[in-house]
Amino acid sequence: MLTDVLETLVHGLTLGSMYAMVAAGLALMLGVARLINFAHGEFFMLGAYAFWFGYREYELPYVVAGALAVAAMVVWGLVYQLGVIRAILARSWHVQLIATLATSIVLTNLAIIVFGTQPKEVPTKLSSTILDIGGFRLAWQRLLVLGGAVVVFWALQRFVTRTRAGRAMRAMSQNREACAVVGVDVQRVALVTFAVSAALAAVAAVLVSPLFNIFPDMGTGLTLKAFAAVVAGGFGYVNGAIAASFLIGVVEALAGSYISYAYKDAIAFLIMIAVLLWRPAGLFGRRIGI
Amino acid sequence: MGRLTAVPLVAVALAAPWLVALIAPGQQRYIVHVLIYTALFAALALSYDLVVGHVGSLSLAHPAFFGAGAYTAAILATRAGWPFLADVAGAVLVAGVLAAVAGVPLFRLTEHAFAVGTLGFAVVAWIVATNWVEVTRGPLCITGIPKPVTTLPAWYGVALAALGVVLVLYLGMTTFRLGRALHAVRDNEPLAAAAAINPLRYRRLAFAVGGALAGGIGALYAHYLSVFCPEEMTMALTVNLLVILFLGGVGSLRGVLVGAVLFTALPEVLRLAPTWRLVIYGALLLVIVVRSPEGLEGLFRRRAGAR
């Protein structure tokens, strides 16, 4: 009984890590560029396929395939920012939402055409080796996900507080006009933000894909949950989004095990709507700043 | 739309099955089928435009109401043996009440949060439709929904009548005092509130009426195909409706009708596979919303202004 609960919790934290890495990117974009990227789940999907391509098709080692996938997604983040986002950055949120939603539809269906609807599996040595502590069993890959998430968020924290680019991002999230006045290259900061966000989604994909299958329309649900976390965490507040992601992951895992597996996603969204209504400024009551 | 152009257009729309029989006798069944789709999609897009175009709330929940209506009608007709008009009325009622009730919490959200909240609501509705197997039969779909009329031209008449009803309601809600109040809420909410127009009330009203109409169209759609599945109420439907609205022109009757005609006719002409269709719609939506967010209607207006 106790081990069941523990296993469910670990599963929830794994899900939470995945949501948190996607949600952190979404929150960065929202905080710095004031933009809702409805195609963000597709960043994760593309990262997962990039990883699958290197790992299964070219049989590269896990770390190499992962690094290549992250690099490819950084390039994609830059291309997306220059190709799509730059045209809509100054437009109303209606336009931004519909444009990024349209991008997500294009990417999902292109993925169906290119990769087919058959899920891809990328098992690794770590995902098939089980650690057994007195009946409490978990795959090593899950430990890698949790450890990886800790390292990623520590690095992200260092990046936004200690580096020039990171500080510029924080400054932009607080006052865009003032940044432009004192000579911050606003366009470049927006580019860096998209590169970092895409990299976060790709890291999540590389860490998590060995545990779950990869399929073309995995992005939509992920965007929604990450968005739920961003909203619940307080629009654009990155640490809030990360905390809310873990909460959503754990709630989803518990609901899936103890209430109803079929309705676990419905429960997650109902909780999101409830949080929106109960605390419109987010669980942590902070709206501005990353 | 000027009266002079409207009259011949209505005449052409009414006579369409016979015109098709004259022009392309071998293709009549197929073309009339496309016409029925066009009329139903035009009506559905008008109901969506009440919310998106006239009170400016970007709701993504429309498939939920469409599906609620379709399932209500399908279940009443197949299990309780209700007659056609009664089960359609039931569908309108159920979808309308659902929209009115869901509107109360959802409209406490603004902008992005509203869009995400409504999208979440639509996803929950789809999950329920897929998993509540005892009622909806889930992925097995509800089959054998009776058809009140059997010939295609008669079905076209039903679809056109439905479009007529939606059109009259649409015009009634978007002109006169009520229409001006809705537009005031859309264009400047604080000013509307200052002029004693309660923005929340008008938004909820448009949302409930739009939802009720979507439910009615969903009921007709289920009867026409005589089968209804959960896949009919996914995000893809929202994307289709957004393409129609933005292609034609948000908040404009002529724009939405033109958008619906182009939207249903184009893929039939191009004979695309469904996946490629969505790729092209997505790309089209992206280009339109970035380059010309007023759609074709903006183009019409600019040309009329230049003359």
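Me: Is Pro230(B) buried or exposed in this model?
Reply: The model is predicted. A residue counts as buried if 20 or more other C-beta atoms lie within 10 Å of its own. Pro230(B) has 22 other C-beta atoms within 10 Å, so Pro230(B) is buried.

Me: Where in chain B is Pro230(B) found, and which residues does Pro230(B) touch?
Reply: Pro230(B) is found in the loop between β2 (227–228) and α11 of chain B. Leaving out residues up to four places away in sequence, the residues that Pro230(B) touches are Trp126(B), Ala129(B), Thr130(B), Thr136(B), Gly138(B) and Pro139(B).

Me: What separation is there between the C-alpha atoms of Pro230(B) and Asn131(B)?
Reply: Along the chain, Pro230(B) and Asn131(B) are 99 residues apart.

Me: Which helix holds Tyr221(B), and why does Tyr221(B) count as buried?
Reply: Tyr221(B) is found in helix α10 (residues 199–225) of chain B. Being buried takes 20 or more other C-beta atoms within 10 Å. Tyr221(B) counts as buried because its C-beta neighbours inside 10 Å number 26.

Me: Which residues does Tyr221(B) touch, not counting residues up to four places away in sequence?
Reply: The C-alpha atom of Tyr221(B) is separated by 26 Å from that of Arg203(B), 18 residues apart along the chain. With residues up to four places away in sequence set aside, Tyr221(B) touches Leu40(B) and Ala70(B).

Me: How many residues of chain A are in contact with chain B, and which element of chain B gives the most to the side that touches chain A?
Reply: The contact joins 32 residues of chain B and 32 residues of chain A. On the side of chain B that touches chain A, at least two residues each come from α5 (111–131), α11 (235–248) and α13 (274–291) of chain B. The element that gives the most, with 14 residues, is α5(B).

Me: How many residues on the side of chain B that touches chain A are nonpolar, polar and charged?
Reply: The division is by residue type, and it covers the side of chain B that touches chain A. On that side, six residues are polar, two are charged and 24 are nonpolar.

Me: What span does α13(B) have, and which of its residues are buried?
Reply: α13(B) has 18 residues, and 26 Å is expected at 1.5 Å a residue. From its first C-alpha to its last, α13(B) reaches 25 Å, close to that value. Its buried residues are Leu278(B), Val279(B), Tyr281(B), Gly282(B), Leu285(B), Leu286(B), Ile288(B) and Val289(B).

Me: Where does helix α3 of chain A bend?
Reply: Helix α3 (residues 62–88) of chain A has 27 residues. Its reach from first C-alpha to last is 37 Å, close to the 39 Å expected at 1.5 Å a residue. The helix bends by about 40 degrees, and the bend is at Gln81(A).

Me: What covers the buried residues of α3(A)?
Reply: The buried residues of α3(A) include Ala65(A), Met73(A), Trp76(A) and Gln81(A). Their cover includes one element of the other chain, α13 of chain B. From chain A, it includes α2 (40–57), α4 (93–115) and α9 (186–208).

Me: Is Val64(A) buried or exposed?
Reply: Val64(A) lies in helix α3 of chain A. Val64(A) has 12 C-beta neighbours inside 10 Å, so Val64(A) counts as exposed.

Me: How many helices and strands does chain A have, and why is chain A as compact as a globular protein of its length?
Reply: From the N terminus on, the order of elements in chain A is α-α-α-α-α-β-β-α-α-α-α-α-α-α. This comes to twelve helices and two strands. Chain A is as compact as a globular protein of that length because its radius of gyration, 19 Å, is close to the globule rule's value for 290 residues, 19 Å.

Me: Which element of chain A has the lowest mean pLDDT, and which the highest?
Reply: The mean pLDDT of chain A is 85, and 98% of its residues reach 70 or more. Among its elements, the lowest mean, 76, belongs to helix α5 (residues 125–128) of chain A. The highest, 92, belongs to α2(A).

Conventions:
Residues are numbered from 1 along each chain as its sequence is written. Chains are lettered from A and ligands numbered from 1 in the order in which they are written. This is a predicted model: local features need pLDDT of at least 70, side-chain atom pairs count only at pLDDT 80 or more; totals for chains, interfaces and linings use all residues. Two residues are in contact if their C-beta atoms, placed from the backbone, lie within 7 Å. Helices (H or I, at least four residues) and strands (E, at least two) are DSSP runs, numbered from the N terminus. Ala, Val, Leu, Ile, Met, Phe, Trp, Tyr, Cys and Pro count as nonpolar, Asp, Glu, Lys and Arg as charged, and the others, Gly among them, as polar. The radius of gyration is taken over C-alpha atoms; the globule rule is 2.2 Å times the number of residues to the power 0.38. The expected span of a helix is 1.5 Å times one less than its number of residues. The bend at a residue is the angle between axes fitted to the seven residues ending there and the seven starting there. pLDDT is the predictor's confidence in each residue, from 0 to 100.
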